[in-house]
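User: I would like to know what the terms used for this model rest on. Please set each value against its definition.

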Amino acid sequence: MATTAWTHQRLEQLRQTRVWRSIFRRGPARTNRTRSLAVFGNLGLHMMPVKVREKSLSVRATYYLGSISFFLFVVLAITGVLLMFYYHPAVPDAYRDMKDLIYVVSNGVFLRNLHRLAAQAMVVAVFWHMFHVFYRGGYKPPHEFNWVIGVGLLMVTLFLSYTGYLLPWDQLAFWAITVGTNIISYVPVMGRPIRFLLLGGHIIGQNALLRFYVLHCVILPLAAVGLIGMHFWRIQKDGGLTVRDDHE
Amino acid sequence: MSEKNSYEAGLSSDAVRQPRRVVFITRKVSAKVKEETGPQLMSFPHVILREAIAFQILTIVLVGLALFWDAPLEQLANPLLTPNPAKAPWYFLGLQELLHYFPPLVAGVLLPTLVVLALVVIPYFDVNIEGEPLWAHRGRRQLLIYGGIFAALFVLLALYDAWTVLVPTAVMGALGLVPYFHPASDSRFQKFLGSRPLPWWVMTWFIVVALTLTAVGTFFRGPGWSWVWPWR
């Protein structure tokens, strides 16, 4: 108990310092006013509503599926950047880098496992999130457009996962991408040009690997961040999560 | 020219207390916006705390799995050595299963495009906004339309030998008819089915078919996309 009191005192002293107060201009979040300030005065949190309905916080209302999808994206971004330190988007170096991750890099196997697992989990979570929102009627007015953004996020998630699939440059990766890109050539008129654009040639080779790498590490993550921002923002602007009248 | 709004909405809010939305709805307009009340909580700390706990649980589960579940790595990519079967990532195996039955233009291009379009337009179809059960009126004409659509679907799927689509469709179709013929059933399951609206049936049918196709493509397809039992 004495330690707790001591910690509280030190914390209170810290809060009074000039530096602390220059960073957190509000006081401690003890009143509703400062608690509101904690949300809308913070760049990371200001997309959230200041208040939420108690009902929308029950586990059965959301299973936190949207949050979980977002958390998985964060885990993927962090592990992905770490993996980029060990990766060359070149044939056949990419494959050697995978071997290095397994046999040379400390915890390389764990890092790759975590990235791959989180990616699979994100596909599942995003699909589940969409179906859950559908069954709860969360797409109904005034949430129509946020549902459309959500469909866009589903597409980006699938495409992110798909472009990442090629990067290890093993048999599994190569032939999975072959199956997928062959389908594109069946698109009427534009099929072959689109496939050429995506692969940077007629076959899956060095150019395709580089394009998938840039898509996977730069373009699609940026698209995802933009859409996620809009998605979160609109929850607040459209009046909070859908709550049902019946008891959960 | 200056036609009035089909509904008029007023908004009153109190900046200090919880905001209240009040909407006035005239006749002929469905009640899209209902007054929502109920206790509210401050996002800080209530939401932040819950999100942090969810994130921690997720991280623990992920790390636990990642310690023991190794990501696969096969031989170096070799364009001259085609594995049999060559499979797409698991979330596209439903599509690959469709490709086995239908021409590539239909299964690979047309159907996915239609699915995405259907998902996008969902919120803009205002029919049945109140969630009326499918057989609320037990209309004979409705039954004929319902039966006709399913019969046409059966014939089409049977023509293409698309059994892995036909079987889940038949199961869902039969389940959909249960509440029509047994409207006053005491069983909880039948009561549940009886209260489901049309959008629920369409989406559930879609999910059941998609899950079946993905599972079949993942576990039950071997060399030359032939049927194999995963435990053999």
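Analyst: Helices are DSSP runs of H or I of at least four residues, strands are DSSP runs of E of at least two, and both are numbered from the N terminus. Just after helix 4 of chain B, D161(B) takes a positive phi of about 55°. This is a predicted model, in which local features need pLDDT of at least 70 and side-chain atom pairs count only at pLDDT 80 or more, while totals for chains, interfaces and linings use all residues. Residues are numbered from 1 along each chain as its sequence is written, and chains are lettered from A and ligands numbered from 1 in the order in which they are written.

User: Does helix 4 of chain B lie largely buried or in the open, and how do you know?

Analyst: A residue is buried if 20 or more other C-beta atoms, placed from the backbone, lie within 10 Å of its own, exposed if 12 or fewer, and partly exposed in between. The number buried in helix 4 of chain B is zero out of 20 residues, so this helix lies largely in the open. Over the 232 residues of chain B, buried residues make up 15%.

User: Why is K55(A) called buried?

Analyst: K55(A) has 20 other C-beta atoms within 10 Å, so it is buried. K55(A) sits in the loop between strand 1 and helix 4 (59-62) of chain A. Apart from neighbours within four places in sequence, K55(A) is in contact (C-beta atoms, placed from the backbone, within 7 Å) with A61(A), V243(A) and G38(B).

User: How do you know that strand 1 of chain A pairs with strand 3 of chain B?

Analyst: Two strands pair if DSSP finds at least two bridges between them. Three bridges join strand 1 of chain A to strand 3 (residues 40-42) of chain B, and the strands run antiparallel. R53(A) has Q40(B) as its bridge partner in strand 3 of chain B.

User: How many residues meet between the chains, and what kinds are they on the chain A side?

Analyst: In chain A, 61 residues are in contact with 56 residues of chain B. Helix 7 of chain A gives the most to that side, with eleven residues. The chain A side divides into 44 nonpolar (Ala, Val, Leu, Ile, Met, Phe, Trp, Tyr, Cys, Pro), ten charged (Asp, Glu, Lys, Arg) and seven polar (the others, Gly among them).

User: What makes a nonpolar core, and which residues touch the most other members of the largest one?

Analyst: A core is a set of buried Ala, Val, Leu, Ile, Met, Phe, Trp, Tyr and Cys residues joined through C-beta atoms within 7 Å. In the largest, of 64 residues, L72(A), A118(A), M122(A), W169(A) and A173(A) touch the most other members. Helix 7 of chain A supplies the largest share, 13 residues. A second, separate core of six residues includes M48(A), V52(A), F44(B) and V47(B).

Technical notes. Contact = placed C-beta atoms within 7 Å.
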